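Analyst: Let us take the labels one at a time and set each value against its definition. Where would you like to start?

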Amino acid sequence: MGQRRLRLGVAGLGRAFTLMLPTLGADPRIELVAACDPRAAARAQFARDFSAPVYESVEQLAADPSLDAIYVASPHQFHAEHTSIAASHGKHVLVEKPMALSMAECDDMIEACRAAGVHLIVGHCHSFDSPYLAARAIIDSGELGKVKMIQALNYTDFLYRPRRPEELDTDAGGGVVFSQAAHQVDVVRLLAGSRATHVRATMGAWDPARPTEGAYAAMLWFDDGVFASLVYSGFGHFDSDEWCGWTGEMGAPKEVDEYGGARRRLAAIESPQEEARLKAAATYGGPAYRAPAKPGADAAPFQHQHFGPIVVACERGDMRPMPDAVVVYGDAVRERRALAPPAVPRFEVIDELYAAVVHGTAPLHSGLWAKATLEICLALLESDREKRDVKLEHQVGRG
């Protein structure tokens, strides 16, 4: 008997779905069977690509009896509502990060899924990536002793990629905290393992034309004495992928000669409306959409996805998770422990979703886990606003 396939519906065919499509289309455990999106062009392309029904609303999608689960890939501000609708129809939920925009929304989502008896998994987030899971396995083995300190850093052009107006409005879930710190905080929590206790942060909003936070620096403490520094800049100058062997966040080789490309393209746009249209055009169903290149014989090899340079300091050595290896710095020896390239990008998300829905295995990236990450993200903003440490009260550890 063949492996059971998980019948998945998609709520939202925008940027998040565009990035997950190489996974959902290639993993043999997934069958894409329906979708909804307000854009007619996106619905039409999904119907053509997958010979599947499409709907205009999440309510219609959730009522489809053929679905096992729904991937909620709608904009941030709709995650809570769409998760509750999916759960009310008995569908398991994979919801994009950030889980929601408030702690109350997280509570509503967790309760909706609990009451319906369905699993809630939050991802994709870079803490699913194999290099971080491999580093965590080394920590768990006890080889290097306990984690003592983590340094995470990422410099990108995030703020200068085409955006919808709400993506430049912090109150609407825009800026680097909701979209980018959600990754970095989650990775650091995975590696630290224990519960975070308090955080101190400062924000950078330096471009009046992009009126949201484009950078932050934070110190995060954990209840077993571990401490971590987190630094992010999306201002499009230094690119820290240079320190990751010029492998981009999605695992693909990066064109070094493209330096400054995001700023140049943005400078040619004359209005926020044109910018929003440009972003929509490049997403699934848009006139400029191009299916992503697949790993294969005719393409440069893909490595694992990542979220910038990270160093984990342990009692008896340091580690550096890289896109193709974990480098271990012991007392006398430096060793590069290679990772096999991924056959399917982000397969780790499907590992966790499939194990939960098909085998009933409790997911790590549950609603409670993601709520704890959102609490830290919100605390970053609060700490900057009030110029003080912020105590964390809703944290869970990895165990």
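User: Why does Glu167 count as buried?

Analyst: Glu167 has 16% relative accessibility, and buried means under 20% relative accessible area, with exposed over 50% and partly exposed in between, using a 1.4 Å probe and protein chains only; Glu167 therefore counts as buried. The model is predicted, so local features need pLDDT of at least 70 and side-chain atom pairs count only at pLDDT 80 or more, while totals for chains, interfaces and linings use all residues. Residues are numbered from 1 along each chain as its sequence is written, and side-chain values use heavy atoms, with hydrogens and water left out.

User: Where is Glu167, and which residues does it touch?

Analyst: Glu167 sits in the loop between β7 and α7, where helices (H or I, at least four residues) and strands (E, at least two) are DSSP runs numbered from the N terminus. Leaving aside residues up to four places away in sequence, Glu167 touches Gly174, Gly175, Thr212 and Lys279, contact being heavy atoms within 4.5 Å.

User: Why is Trp246 called partly exposed, whereas Arg346 is called buried?

Analyst: The relative accessibility of Trp246 is 26%, so Trp246 counts as partly exposed, whereas that of Arg346 is 7%, and Arg346 therefore counts as buried. Trp246 belongs to the loop between β10 and α8 (261–267), and Arg346 to the loop between β14 and α10.

User: What makes the backbone of Trp246 and Arg346 worth a remark?

Analyst: Most residues other than glycine have a negative phi, and most peptide bonds are trans. Phi of Trp246, however, is near 55 degrees, and Arg346, which is not a glycine either, has a positive phi of about 60 degrees.

User: Which peptide bonds are cis, and what are their omega values?

Analyst: The bond from Lys97 to Pro98 is cis, with omega near -10 degrees, and Pro98 lies in the loop between β5 (92–95) and α5 (103–116). The bond from Gly123 to His124 is cis as well, with omega near 10 degrees, and His124 is in the loop between β6 (120–122) and α6 (130–141).

User: What makes β1 largely enclosed by the rest of the structure?

Analyst: Five of the six residues of β1 are buried, so this strand is largely enclosed. β1 is paired with β2 in the parallel sense over six bridges, and two strands pair if DSSP finds at least two bridges between them. Within this pairing, Gly9 stands opposite Ala34 in β2. Buried residues of α1, a helix covering residues 15–26, pack against β1 (6–11) and β2 (30–36), and also against α2 (40–50), β4 (69–72) and α10 (347–359).

User: Why are β14 and β15 said to stand at the edges?

Analyst: The open sheet of nine strands runs β14-β13-β12-β11-β7-β10-β9-β8-β15, with mixed pairing. β14 (334–338) and β15 (390–391) each have a single partner strand, so one side of each is left without a neighbour in the sheet. Elsewhere in the sheet, β11 (residues 310–314) and β12 (residues 317–322) run antiparallel and are joined by three bridges, with Val312 opposite Met319 in β12. Helix α11 (residues 367–386) packs on this sheet, touching β8, β9 and β15, and its direction makes about 55 degrees with that of β8; axes are lines fitted to C-alpha atoms, for helices over the stretch in contact, with angles from 0 to 180 degrees between N-to-C directions.
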